[in-house]
Amino acid sequence: MKLTQEQIEAYETDGYILLEGLFSPDEAALMKSRLPRLYKLDRDEVIKEKSGAVRTVFAAHTFDEVFARVARHPRLIDPARQLLGSDVYMHQFKVNAKAAFNGDVWQWHQDFGTWHEDDGMPEARAMNVAVFLDEVNEFNGPLMFIPRSHKRGRIEASHDRSTTSYPLWTLDNAKVAELVAEGGIVAPKGRAGTVLIFQSTLVHASSPNLSPWDRNTLYVTTNSVDNAITRFKRPDFIAHRDFTPIETLDDHCLAGFDQAVA
C-alpha cells in the first residue's frame, strides 16, 4: 500500500486525504459485524454517552480477533509509516459509535492537544487512520475538518469535562471562527470501507447524529516509535504503553472469517 505523491502533497497541504473503497464491502461488513457483541460488553473499555448509547470502544484489538488483524493491516499501517517516515507503534485503537438518533457531539479539538496534555506526547508525529464501517453522509454526523488548520501547530485549548461523557481538550468558539474564516469547513463522505487519514493537529469536530443511520468509525492511531508518550495518567487501554513497532500482516489477513458467527 503506497500513497502517491499527489496524495502525500494533499495530506501535507490540507491535513487529510480520503481513500475511497480501500476496503471491500465484504471486509467492511466483517468489521461491522463484530460491533454488536462489543457494544454489549461490560468492560472499562466501553464508554457510553449520557443517554446510555455506546460512544467509544477502546482497544478492541486486544479482545477481538478480527480487530487484532485490522490493527496490523498493511493498508492502514504502511501509509502511516510512509507519512511519518519511521516505524510506528499503536498509540490508540478505538471504534467510535455515532448511533442513529442518539450519537452525541464531538467538540472542536485537535487530537494532539489531548495526546500532548494527557499523555505527554512530545511532538505531533502521530496520526489517525479511520475506516468507515457505515456509509458516511451529510446527515449522520460526519467528521468536519478545517482544512490547513494543522499548520497552526498545537493551539491553546481548555479541558471540557461537561459537554459529553468523554473529557476532551477543546478550542473556544472565537478561535474556531477565526480558523474557519481562513480555511472553511469540509465533511469527507464515502461508502463503508473508505479510509480517511488526517494529521493530529487538524482541527475537527462532528455534530450529533439525528438521522436514522448509524455512523460507526474505526480509528487506528499510530505514533512514531521515536515519539513515545512520557506520561501515563490515562489507562493503558486509552493510551497504550507498548512502543514495539507494528509488524504488518498479509494484505488478505481478513479472509476466512464468517460474519454469521461474529
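How many cavities of 30 Å³ or more does the structure hold? There are two. Before we look inside them, a word on the model: it is a predicted one, where local features need pLDDT of at least 70 and side-chain atom pairs count only at pLDDT 80 or more, while totals for chains, interfaces and linings use all residues. Residues are numbered from 1 along each chain as its sequence is written, and side-chain values use heavy atoms, with hydrogens and water left out.

Let's start with the empty space. Rolling a probe the size of a water molecule over the atoms shows where empty space is left. Here the search runs on a 1 Å grid over the protein atoms alone: a cavity is a set of points where a 1.4 Å probe fits but cannot get out, a pocket is an open set with protein on both sides within 12 Å along at least five of seven lines, and lining residues have an atom within 4 Å of a point. Grid points are joined across faces, edges and corners, and a volume is the space filled by probe spheres set on the points.

The largest cavity has a volume of about 190 Å³. It is lined by 19 residues, and the closest to its centre are Lys-94, Asn-96, Trp-106, His-109 and Asp-111. The elements that give two or more residues to this lining are β4, β5 (106-109), α6 (111-119), β11 (204-206) and β12. (Helices, H or I with at least four residues, and strands, E with at least two, are DSSP runs numbered from the N terminus.) By class, the lining of the largest cavity splits into eight nonpolar, seven polar and four charged residues. For that count, Ala, Val, Leu, Ile, Met, Phe, Trp, Tyr, Cys and Pro are nonpolar, Asp, Glu, Lys and Arg are charged, and the others, Gly among them, are polar.

The second largest cavity holds about 50 Å³ of space. Its lining includes Phe-132, Leu-143, Arg-215 and Tyr-219, and β12 gives the most to it, with three residues. Here the classes come out as six nonpolar, one polar and one charged.

What about space that is open? The largest pocket has a volume of about 240 Å³. Among the residues that line it are His-61, Arg-72, Met-90, His-240, Asp-242 and Glu-247, and the lining divides into five nonpolar, three polar and three charged.

Ala-59 has a positive phi of about 55° although it is not a glycine, and at 1% relative accessibility it counts as buried. Arg-148, in the loop between β7 and β8 (158-160), is also a non-glycine with a positive phi, of about 70°. Arg-148 is partly exposed, at 37%.

Finally, the rings. Rings of Phe, Tyr and Trp (its six-membered ring) pair if their centres lie within 6.5 Å, with planes under 30 degrees apart counted as stacked, over 60 as edge-to-face and the rest as tilted. The whole structure has six aromatic pairs. Phe-145 and Phe-198 have ring centres 4.9 Å apart and planes at 45°, so this pair is tilted. Phe-145 lies in strand β7 (residues 143-145) and Phe-198 in strand β10 (residues 195-199), so the pair ties together parts that are 53 residues apart in sequence. Phe-145 is buried at 0%, and Phe-198 is buried at 0% as well. With Tyr-16, they form one aromatic cluster.

Conventions. Buried means under 20% relative accessible area, exposed over 50%, partly exposed in between (1.4 Å probe, protein chains only).
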